[in-house]
Amino acid sequence: MRAIFKREFNSYFTSLLGYVFLTIFLLLTGAMFTIVNVFQYQTANMTYFFASINNIAVFFLPLLTMRLFSEDRKLKTDQLLMTAPVSVRDIVLGKFFAAVCVLLIGTAITIIYPIILMFFGELPIAETISCYVGFVLLCSVILSIGAFMSSVTESQIVAAVSTYGIIIFMMLLSTLAQLISNEAVSGALLWLSPIQRFSDFSLGIFDFEPIIYYLTVTGLFLFLTMTVFEKRRLR
């Protein structure tokens, strides 16, 4: 898995994709930090900042996953992976963790925002750490969905657009739940909503339920990706 991870991670920066993603990520987060924390609320609380960037994460995260498998499939280099002495699990996880690491680089740079706020107000440390943990877990779900969609098509555009569609649908579940009078159905939709699950993290609550939810959904889509790749390998 280490070789796959290293190859995939390096490919983000031997091409422009890694730099483009980090530029967009930092521009958007910087703009939201300035608008939300400096001008709108004038607060050292990072909750409002993460509530804002969670809603726009869907628009830049598919940049990291749209080429994970579709590019290899289009260029026929996936045949080298299929015949290489590595397991499907190592291939999928190596590529997935490479995308996660690029995200973590961008997320680590944003730590400068709460550091700045510490000089102008009392920063709620527990809530800030909790928000960062929840944000990474939420993004991992999106990246796993993007990896799955990239594994079923050779078109990077189709992979990105289909990822957008699934994530937007999942984000709208909480809104849809409010429109349904049936409590059982409404509760089920809220339970499935990844954005709704983030609410505990924004309050500084480290509850195992949302953590297990995010890890389970991430694991599910990675398993589906492995299944797709394994079927193509057997052919």
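Reader: Hi! How many helices and strands does the chain have?
Author: Welcome! In this predicted model, the chain has 14 helices and zero strands.

Reader: Nice. What share of the residues is buried?
Author: Of the 235 residues, 49% count as buried.

Reader: Switching to charges: how many salt bridges are there in the whole structure?
Author: A search finds four salt bridges. In one of them, Arg 67 pairs with Glu 8, with the closest N and O atoms 2.8 Å apart. Arg 67 sits in the loop between helix H4 (62-65) and helix H5 (70-75), while Glu 8 belongs to helix H1 (residues 2-14), so to speak a link across 59 residues.

Reader: Are Arg 67 and Glu 8 buried or exposed?
Author: Both Arg 67 and Glu 8 are buried.

Reader: What does Lys 95 meet in a salt bridge?
Author: Lys 95 meets Glu 8, at 2.8 Å from N to O. This pair also links distant parts of the chain, with Lys 95 in helix H7 (residues 88-109) and Glu 8 in helix H1, 87 residues apart.

Reader: Which residues make up the network of salt bridges?
Author: Arg 7, Glu 8, Arg 67 and Lys 95 are linked in that network.

Reader: Last one: why does Asp 90 count as buried?
Author: Its relative accessibility is 18%, and buried means under 20%. Asp 90 also forms a salt bridge with Arg 89, at 3.7 Å from N to O.

Terms used: Residues numbered from 1 in each chain as written. Predicted model: local features only at pLDDT ≥ 70, side-chain atom pairs only at ≥ 80, totals over all residues. Heavy atoms only, no water. Helix = DSSP H or I, 4+ residues; strand = E, 2+ residues; numbered from the N terminus. Buried < 20%, exposed > 50% of the residue type's maximum accessible area, 1.4 Å probe, protein only. Salt bridge = Lys/Arg side-chain N within 4 Å of Asp/Glu carboxyl O.
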